[in-house]
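Dear colleague,

Here is the structure you will be working with. My notes on the ligand site and on a pocket follow below it.

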Amino acid sequence: MFEKEIREAASILSKSTRASASCGAGVSAESGIATFRDAGGIWDRIDPAEVGTPSGLINTLEREAPKLVPLFIEILDSFESAEPNPGHRALADLEAMGILKTVITQNADNLHQEAGTTDVIEVHGNLFRMKCLACESIRKYERKPLIREVKERMAGLNSFNLTALASLAPRCDGCGFMMRPDVVMFTEPVQDLPRAFAVAAGCDVMLVLGTSGVVYPAAYLPREAKKSGAAIIVINPTENPFESVTDIYIPMKTGEVLPAIVKMIREKAV
Ligand code: OAD
């Protein structure tokens, strides 16, 4: 299916040494992590105003923490069992082949790094990097051990309220204050934006992967790349939110298409 488009994408990429990828939740869907807005995704089930901003989350936890606990556990479970999928691994292969320079991702799940990609810009942060709420020092944790520890401590709680849930947060080695995941919630500034835009402006091909394109400024990156003359290749099984700037659209899963592209380039079948 879409053999012609896949071959064309492989051909364009095979000539590049400064391609980039701009990724969304769809890239991790085949790892078992639900996207945000597809059926069953978190924003399909709960209003982002309730849990997507720092003040919304605190208010909701104060009022009805027990309601959120099953959702937290479900999310923790899916992040604990997730492994990088063939799409993540193919991006790491493209980097190792000298084609892909940088992955810009909205995902905070660390799976690009675990697949072997070395240059990852995480515009929405990383769930397993903690930031002290007082002195802002940063500490990186291993994904699975951190989740296991949080789940164990959660199981030991007698009741679920804001204070009890806050007690699960790691403490800063330096000042002893509470840490939180260094992720971007709504109303907070995105991370590494100047470099993300520099990468978009400097690439000659941008793979736009698994994003609904509704959250800015990340959704502006393909437009920035196009403005600078890059070819835009969109891979998304259900929608192309970037139609006006797209050169090639492949309506399939990234875990299917990206390994096929790598194989074609390796076998020089382009
Ligand atoms: P969305 O949930 O909005 O969109 C996911 C996209 O992935 C949809 O367009 C799906 O069609 C597509 N998709 C699903 N499965 C796929 C697969 N196997 N291969 C390729 N594509 C697939 O997720 P994002 O666009 O990433 O922000 O959402 C953007 C931001 O909204 C997130 O980073 C998060 C959220 O609120 C913050 O937390 C700040």
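**Second largest pocket**

The second largest pocket is lined by Lys131, Cys132, Leu133, Glu136, Arg180, Asp182, Val183, Val184, Glu188, Pro189 and Gln191. A pocket here is an open set of points on a 1 Å grid over the protein atoms alone, where a 1.4 Å probe fits, with protein on both sides within 12 Å along at least five of seven lines; lining residues have an atom within 4 Å of a point. The model is predicted: local features need pLDDT of at least 70, side-chain atom pairs count only at pLDDT 80 or more, and totals for chains, interfaces and linings use all residues. Residues are numbered from 1 along each chain as its sequence is written, and side-chain values use heavy atoms, with hydrogens and water left out.

The volume of this pocket is about 190 Å³, counted as the space filled by probe spheres set on the points. β6 (179-183) and β4 (125-132) each give the lining at least two residues (strands are DSSP runs of E, at least two residues, numbered from the N terminus). β6 has the largest share, with 3 residues.

**Ligand site**

Around the ligand there are 24 residues, the closest being Arg37, Thr211, Ser212, Thr238 and Glu239; a residue counts if one of its heavy atoms lies within 4 Å. Ligand oxygen atoms lie 2.5 Å from a side-chain N or O atom of serine 212, 2.8 Å from one of tryptophan 43, and 3.2 Å from a polar backbone atom of glycine 210.

Regards

Note on methods: Polar contact = N/O pair within 3.5 Å; in protein donor to acceptor, adjacent residues only side chain to side chain. Helix = DSSP H or I, 4+ residues; strand = E, 2+ residues; numbered from the N terminus.
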